[in-house]
Amino acid sequence: MDSERYNLLRQVMALDFYLVELNLYLDTHPADQRAIQLFNTAMANARIAREAYERQCGPLTTYNSMNNGSSWQWINSPWPWENM
Amino acid sequence: MFNQCDLKKDYDMMQSNDCLPMPMYATAYVRFQKLNTLYNPIEGLEKGTIFPELNFPYMHKA
Amino acid sequence: MFLYEKKLQYPVNIKNCNPKLAKYIITQYGGPDGELGASLRYLSQRFHMPINEAKGILNDIGVEELGHLEMIGTIVHQLTQGAPVEALEEAGMGGYYAEHGYGIYPVNASGVPYDANSFAVKGDPVADLVEDLAAEQKARATYEHLIHLSDDPDVIDPLRFLRAREIIHFQRFGEALGLVQDKMMQKNSYVIKPEGMCKR
């Protein structure tokens, strides 16, 4: 198990999950200013974590990640259902 | 059994408040969450929620 | 439209094969209270909701459930991959193996393929949201049953996470129901007032 990859991915997972939770909360509390502020701050942090992961380990999306390298990185292992 | 007293009480309340008695009959309610404190992201992911008031950890006994 | 991120919502790293567990856990892939049914239910109900809060929550929870479907598929895959065929047969997955090999196919814990009759879209916002509340409770209970059946901490960990999500979803659908009911009371379209009562 690549522990550095695991740690970077865990950061992204945690920050993205924080966003999902605020997203669902805001869907039923759309006027909650404090929640909106928390969401925007978390969004900025999530972006940083995502960039750190992608720089090291490859793209997380096909639509919002640069392809670094001369071949199509997207299809490289591991895929999410494979053991890390 | 149709209760005349309850109906009259409701009717009087409605006459004065111009609103329906809450909570209504034949209606399901879930208490609305009010934002309080939050777990940090790593803690939240581990628990499955960032909201302490919605954290009901399972003590798993069959 | 649908976009994909190349990561699970919560990590799944199972070190030991266990086809016996796989046979039970697959119910959350293709069973009546599983994640496939949940996603289809919410993503279908969202088209005919009267308020934005309800459209938003059905949309977003429906999407999250697809991520959970992926997690369950991953769990079943990691529990069966590498196990000898005899182990699958011994675990009662002989029939499944005959038809699907080591592949992942949506069935319930008895091997019956996914059935859309497991969910309803009534086109009535209150009926649909109350169904969603029931669905989340059933899913939560199923995860508890699966946790009872599991002895492997690598398996219990993601099941625990998925159970916690059902509780949050229940809360959000409850809030959406409250907002829908408020809206309908304002519009007088749902509450039938007895004769001569209430000026509204």
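**First look**

Q: Where do we start, and what span should helix α1 of chain A have?
A: At 1.5 Å a residue, the 26 residues of α1 (residues 3-28) of chain A should span 38 Å. Its end C-alpha atoms are 38 Å apart, which agrees. The expected span is 1.5 Å times one less than the number of residues. Helices here are DSSP runs (H or I, at least four residues; strands are E, at least two), numbered from the N terminus.

Q: Ground rules before we go on?
A: This is a predicted model: local features need pLDDT of at least 70, side-chain atom pairs count only at pLDDT 80 or more, and totals for chains, interfaces and linings use all residues. Residues are numbered from 1 along each chain as its sequence is written, chains are lettered from A and ligands numbered from 1 in the order written, and side-chain values use heavy atoms, leaving out hydrogens and water.

Q: Back to α1(A). How many of its residues are buried?
A: 19 of the 26, so α1(A) is largely enclosed by the rest of the structure. Buried means under 20% relative accessible area; exposed is over 50%, partly exposed in between (1.4 Å probe, protein chains only).

Q: What is at the start of α1(A)?
A: A side-chain oxygen of A:Asp2 comes within 3.3 Å of the backbone nitrogen of A:Glu4.

Q: New topic. How many aromatic pairs are there over all chains?
A: The count is 8. Rings of Phe, Tyr and Trp (its six-membered ring) pair if their centres lie within 6.5 Å; planes under 30 degrees apart are stacked, over 60 edge-to-face, the rest tilted.

Q: What kind of pair do A:Trp74 and A:Trp79 make?
A: Their ring centres are 5.6 Å apart and the planes sit at 80°, so the pair is edge-to-face. Both A:Trp74 and A:Trp79 are buried.

Q: And C:Tyr42 with C:Phe173?
A: That pair is tilted, with 4.7 Å between centres and 50° between planes. C:Tyr42 is in α3 (residues 35-45) of chain C and C:Phe173 in α7 (residues 153-187), so the pair ties together parts 131 residues apart in sequence. Both C:Tyr42 and C:Phe173 are buried.

Q: Which residues do ring pairs link into a cluster?
A: A:Trp74, A:Trp79, A:Trp81 and C:Tyr4.

Q: Now A:Thr61. Buried or exposed?
A: A:Thr61 is buried, at 4% relative accessible area. A:Thr61 is in the segment after α2 (33-57) of chain A.

Q: What does A:Thr61 touch?
A: Leaving out residues up to four places away in sequence, A:Thr61 touches A:Glu54, A:Trp74, C:Tyr4 and C:Glu5. Contact means heavy atoms within 4.5 Å.

Q: Which side chain makes a polar contact with that of A:Thr61?
A: The side chain of A:Ser65, at 2.7 Å. A polar contact is a pair of N or O atoms within 3.5 Å; within protein, one must be able to donate a hydrogen and the other to accept it, and residues adjacent in sequence count only if both atoms are side-chain atoms.

Q: Last one, chain C. How many helices and strands?
A: Chain C has 7 helices and 0 strands. Of its 200 residues, 55% count as buried.

Q: What is its mean pLDDT?
A: The mean for chain C is 94, and 93% of its residues reach 70 or more. pLDDT is the predictor's confidence in each residue, from 0 to 100. Over residues 190-200 of chain C the pLDDT is below 50.
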